[in-house]
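Student: I have a structure to read and some questions to ask. Can we go through it step by step?

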Amino acid sequence: MANSFADIARTLQQARQQQRLSYRELGERAGVTELSARSVLLGRSAPKLTTLIALADVLGLELVLLPRLVAEGVAAHRAQEPAPLSAVEQLVQDLRGRQS
């Protein structure tokens, strides 16, 4: 759960990197300048809500407000789930399964 602007910026940055978008491409698609997109994703500036929504939308993300009790329940549930395997860990697991 994103509890701070830094968490939101980090989530947006990770999505941008996964999608291999440059700050320029992201900014153009979101209707903001490259400098604005970069500043927001690096946590250097506190953007307008409309800018955050536009950046998230381009990255296929949704900003959602939840009652705190619901957010705490989701966070507690996530803490109980095992972390997803990396691509390398998945390959190793698959190879081990084939050797059995």
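Student: At roughly what angle do the axes of helix H3 and helix H4 cross?
Tutor: Keep in mind that this model is predicted. H3 covers residues 34-41, and H4 covers residues 49-58. Their axes come within 11 Å, and they cross at roughly 90°.

Student: Which word describes H3 relative to H4: parallel or perpendicular?
Tutor: Angles from 65 to 115 degrees count as roughly perpendicular. The crossing here is at roughly 90°. Therefore H3 is, relative to H4, roughly perpendicular.

Student: Which residues in H4 do the residues in H3 meet?
Tutor: Contact means heavy atoms within 4.5 Å. On the H3 side, the residues are Ser36, Ala37, Val40 and Leu41. On the H4 side, they meet Thr51, Leu52 and Leu55.

Student: How many residues of the contact of H3 with H4 are nonpolar?
Tutor: Sort the residues by kind. No charged residue takes part, and two are polar. The nonpolar residues number five.

Student: Where is Glu34, and is this residue buried, partly exposed or exposed?
Tutor: Glu34 is found in helix H3. Its relative accessible area is 34%. Buried needs under 20%, and exposed needs over 50%. So Glu34 counts as partly exposed.

Student: Leaving aside neighbours within four places in sequence, which residues is Glu34 in contact with?
Tutor: Start with Arg24, which is 10 residues from Glu34 along the chain. The C-alpha atoms of the two are separated by 4.5 Å. With those sequence neighbours left aside, the contacts of Glu34 are Tyr23 and Arg24.

Student: Which residue lies over the face of Tyr23, and at what distance from the ring centre?
Tutor: For an Arg, the CZ atom must be within 6 Å of the ring centre to count. The residue here is Arg16. It lies over the face of Tyr23, and its distance from the ring centre is 3.9 Å.

Student: How many aromatic pairs are there?
Tutor: Ring centres must lie within 6.5 Å to pair. By this rule, the count of aromatic pairs is zero.

Student: Where is Arg20, and what is its phi?
Tutor: Arg20 sits in the loop between helix H1 (5-18) and helix H2 (23-30). At 74% relative accessibility, Arg20 is exposed. Its phi is positive, in a residue other than glycine, with a value near 55°.

Student: What separates the C-alpha atoms of Gln99 and Arg20?
Tutor: Gln99 is in helix H6 (residues 87-99). This residue is exposed, at a relative accessible area of 69%. Along the chain, Gln99 and Arg20 are 79 residues apart, and their C-alpha atoms are separated by 36 Å.

Student: What separates the C-alpha atoms of Asn3 and Ala71?
Tutor: Asn3 belongs to the segment before H1. It is exposed, with a relative accessible area of 69%. Asn3 and Ala71 are 68 residues apart along the chain, but the separation of their C-alpha atoms is 9.8 Å.

Student: Is Ile53 buried, partly exposed or exposed?
Tutor: Ile53 is found in helix H4. Its C-alpha atom is separated by 6.6 Å from that of Leu63, 10 residues apart along the chain. The relative accessible area of Ile53 is 46%, so this residue is partly exposed.

Note on methods:
Residues are numbered from 1 along each chain as its sequence is written. This is a predicted model: local features need pLDDT of at least 70, side-chain atom pairs count only at pLDDT 80 or more; totals for chains, interfaces and linings use all residues. Side-chain values use heavy atoms; hydrogens and water are left out. Rings of Phe, Tyr and Trp (its six-membered ring) pair if their centres lie within 6.5 Å; planes under 30 degrees apart count as stacked, over 60 as edge-to-face and the rest as tilted. A charge sits over a ring if NZ of Lys or CZ of Arg is within 6 Å of the ring centre and within 35 degrees of the ring normal. Axes are lines fitted to C-alpha atoms, for helices over the stretch in contact, and angles run from 0 to 180 degrees between N-to-C directions. Helices (H or I, at least four residues) and strands (E, at least two) are DSSP runs, numbered from the N terminus. Angles under 35 degrees count as roughly parallel, over 145 as roughly antiparallel, 65 to 115 as roughly perpendicular and the rest as oblique. Ala, Val, Leu, Ile, Met, Phe, Trp, Tyr, Cys and Pro count as nonpolar, Asp, Glu, Lys and Arg as charged, and the others, Gly among them, as polar. Buried means under 20% relative accessible area, exposed over 50%, partly exposed in between (1.4 Å probe, protein chains only).
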